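Please read the following note with the sequence and the structure side by side.

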Amino acid sequence: MRRAFSLVELSIVLVIIGLLVGGVLSGRALIRANELRAVPVEYGKFFVASQAFRDRFSYIAGDIPTATNYWGAMAACPGDYTTPSTDTATCNGDGNGAIASRERYRFWHHLANAGMIEGRYTGVPVAVTVALLTAGIDTPLSKIGGVQVLKLSDNGAGVMLATDPRHAIIFFGAASTSASAAVPILSPEEAWSIDTKMDDGLPGKGTMMNYNNTHTTVGSCVTSATADTATYALTLSDKACAPFFALNF
């Protein structure tokens, strides 16, 4: 005669399953918390590196017009940034004091050449006609999400919550087919938590900002497109925010 499980045995099995599920969820929460803590740390690292580069060379990385004097010239210079660098050989920037056009890719290459950030970067986008970014190849890899990238943009006017005169900003987000966009990686609550700890907690002001809620790649991260009144849409649980940080050159 086949013996069935008793209620006690079934209860024990259910308890074990519950503990396993709880452990998995707790583990995921810890991983996510670690990723979120990494965002301000990574921004701080790149901010310090960019300022140190300017102090040492008197120009912004990517924009420096004498880069080839230090690290050698690529055959394609000045060109249109189509040939990836396999070593320190690079191209000069125009020295106008701003990160313009494809200088955003040389920015990471020059910082790495100067030993101010880890890694080696190609100095060019993976596709010339589309400003795609490949983490670990032409831009650093962030801990947030594992497949996210940090992208340097030359101008946020018309895209940010408010027109911003600062020369360069770093996006945290997944690669986008747009030269001025990044795919959202944070929920509004996550973005607010980071913003509150390191800045002013407002998506339209300060060092950390977010796209407005009319931008097609971000959706409703914030409550208003007006910088002075915008707040994070904390009732939304979806990943709707792609934060950016000023480098303040």
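1. The model under review is a predicted one. Within it, C221 and C241 are both buried. These two cysteines form a disulfide, with their sulfur atoms 2.0 Å apart. The torsion about the S-S bond of C221 and C241 is about 95°, so this disulfide is right-handed. The bond links distant parts of the chain: C221 and C241 each lie in the loop between β3 (208–209) and β4 (244–246), 20 residues apart.

2. A disulfide also joins C77 to C91, with an S to S distance of 2.0 Å. Here the torsion about the S-S bond is about -100°, so the disulfide of C77 and C91 is left-handed. Both C77 and C91 are found in the loop between α2 (67–71) and α3 (103–113), so the pair ties together parts that are 14 residues apart in sequence.

3. Are C77 and C91 buried or exposed, or in between? C77 has 25% relative accessibility and therefore counts as partly exposed, since the range for that class begins where buried, under 20%, ends. C91, at 2% relative accessibility, counts as buried.

4. The count of disulfides comes to 2. When the bonded cysteines are counted along the chain, the disulfides follow the pattern 1-2, 3-4.

5. How many aromatic pairs does the model contain? The count comes to 10 aromatic pairs. One of them is formed by F57 and Y70, whose rings are 4.9 Å apart centre to centre, with 75° between the planes; this pair is edge-to-face. The pair links distant parts of the chain, as F57 belongs to helix α1 (residues 7–57) and Y70 to helix α2, 13 residues apart.

6. The accessibility of these two residues should be noted as well. F57 is buried, with a relative accessible area of 7%. Y70 counts as partly exposed, at 46% relative accessibility. The rings of F107 and W108 form a further pair: their centres are 4.9 Å apart and their planes meet at 85°, so the pair is edge-to-face. The reasoning rests on a cut-off, because planes over 60 degrees apart count as edge-to-face. F107 and W108 are both buried.

7. Finally, a group of aromatic residues deserves a look in the structure. Y43, F47, F172 and F245 form one aromatic cluster.

Conventions: Residues numbered from 1 in each chain as written. Predicted model: local features only at pLDDT ≥ 70, side-chain atom pairs only at ≥ 80, totals over all residues. Heavy atoms only, no water. Disulfide = S-S within 2.5 Å. Helix = DSSP H or I, 4+ residues; strand = E, 2+ residues; numbered from the N terminus. Buried < 20%, exposed > 50% of the residue type's maximum accessible area, 1.4 Å probe, protein only. Phe/Tyr/Trp six-rings, centres within 6.5 Å; stacked < 30°, edge-to-face > 60°.
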